[in-house]
Amino acid sequence: MKLNDLINQTSEWLKGTGPNSDIVISSRIRLARNLDKFSFPNWTNKKQGEQVLGAVGEAIAKVDYLKNITIFILHDLDSVDKQFLIERHLMSYEHAQKADHKAVAIDDAEIVSIMINEEDHVRVQVMQSGLNLFEAWNIINRIDDSLAEELNFAFSPDWGYLTACPTNTGTGMRGSVMLHLPALVMTQAVNRILAAIAKLSFTTRGLYGEGTQASGNFFQISNQVSLGHSEDDVIAKINGLIRQIIEQEGQARDALLSRNRAMLEDKIYRSFGILKSAYIISSQETIELLSMVRLGCDLSVIKDIDRRKVNELFIITQPAHLQKNENKKLTSQERDIKRADIIRSRLKI
């Protein structure tokens, strides 16, 4: 697989086919692992970093479940390539900052990605469409068991898996769910809910994870602590919390439809109208407007555009995707013009 092959396909998590996918965009399970007898990546030297990269690459090649995976060495990628992978949620912003002895392994369906020498030596993630944490866990658990047969992971009988960040120590697992909560935002109930979530040891981030703010009514919710809890327990707690939020978002949508339908439809159709007619549009405005169009599709206010098409637009209108599609670097204004052109073309009825 080549990096450019990803441009013309829809990531598994964007297909909008999973459970509760009207509200839940995606589910992700991530495992952090480190090799025994090696310093954590932030403290390692060049020789050790290269040894870890080689050892993990060899282990991946021996895992049958990962036979359709391709390893990309970060030194071989330019800045647009790396931003492209970040936009597709296949690697983190932090991983892209320094390319020394780093790589990312991606399967051809974009379900599995493995970052090598990020904050930890190995960070495996599995993404699924909708609320599908248990299926993501089943997949990643098989991968983890297979890698453990090839690699000696740092593990303490008292502390569990040893990680660079203490909050990941224990299972080394982070479960997260991406939610679209426009009705809770419009009814001004979302801040109360997020405050309650924080008290339960969960954290909320934006569309692109750590260090990003919520935009387009998207919120990524994940567990903060894994020490002292089993993987099944953590997943069950996240799943239970998310189901409560789904119920509250559904009730808020019903309330808007019954009490403020004219206002809601006006906001949806105004957003749709701007997207269909704009000739210059920024990335941020696109996300905000697409959020309302997606809500309109889910509520059947807009009947001629499906959820998958809207989901795809969130990604293909991002800066690196626009430049990869044009096969050249674009100025900010050129991107805004090209973005508007793509949106108008995709939203024709």
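**View 1. Salt bridges across the structure.** A search of the whole structure finds 20 salt bridges. A salt bridge here is a side-chain nitrogen of Lys or Arg within 4 Å of a carboxyl oxygen of Asp or Glu. The structure is a predicted model, where local features need pLDDT of at least 70, side-chain atom pairs count only at pLDDT 80 or more, and totals for chains, interfaces and linings use all residues. Residues are numbered from 1 along each chain as its sequence is written, and side-chain values use heavy atoms, with hydrogens and water left out.

**View 2. The salt bridge of Lys324 and Asp81.** The side chains of Lys324 and Asp81 meet in a salt bridge (2.6 Å, N to O). Lys324 lies in helix H11 and Asp81 in helix H2, so the pair ties together parts that are 243 residues apart in sequence. Helices (H or I, at least four residues) and strands (E, at least two) are DSSP runs, numbered from the N terminus. Both Lys324 and Asp81 are buried. Buried means under 20% relative accessible area, exposed over 50%, and partly exposed in between (1.4 Å probe, protein chains only).

View 3. What lies on each face? Val122, Val124, Val126 and Gln128 are on one side, and Arg123, Gln125, Met127 and Ser129 on the other. Strand E1 (residues 24-33) runs antiparallel to E5, joined by 8 bridges. Strand E4 (residues 112-116) is also antiparallel to E5, with 5 bridges. Two strands pair if DSSP finds at least two bridges between them. Gln125 of E5 is the bridge partner of Arg30 and of Ser113.

**View 4. The turn between E4 and E5.** E4 and E5 form a hairpin with 5 residues between them. Asn117 in the turn has a positive phi of about 65 degrees. Glu118, Glu119, Asp120 and Arg123 are linked in a network of salt bridges. Within it, the side chains of Glu119 and Arg123 meet at 2.5 Å, N to O. Glu119 is partly exposed, with a relative accessible area of 27%. Arg123 counts as buried, at 7%.

View 5. His121 lies in the loop between E4 and E5. Is His121 buried or exposed? His121 is buried, with a relative accessible area of 1%. Leaving aside neighbours within four places in sequence, His121 is in contact with residues including Arg33, Phe38, Phe40, Val52 and Met115. Contact means heavy atoms within 4.5 Å.

**View 6. Helix H9.** H9 has 16 residues, and 13 of its 16 residues are buried. From first C-alpha to last, H9 reaches 22 Å, close to the 22 Å expected at 1.5 Å a residue. The expected span is 1.5 Å times one less than the number of residues. The side chains of Arg294 and Asp298 meet in a salt bridge (3.1 Å, N to O). Arg294 and Asp298 are 4 residues apart in helix H9, so about one helical turn separates them. Arg294 is buried at 0% relative accessibility, and Asp298 is buried at 17%. Ser300 follows H9, with a positive phi near 60 degrees.

**View 7. Helix H12.** H12 (residues 332-346) has 15 residues. Among its buried residues are Asp336, Arg339 and Ile343. The cover over the buried residues of H12 includes H8, H9, H10 and H11.
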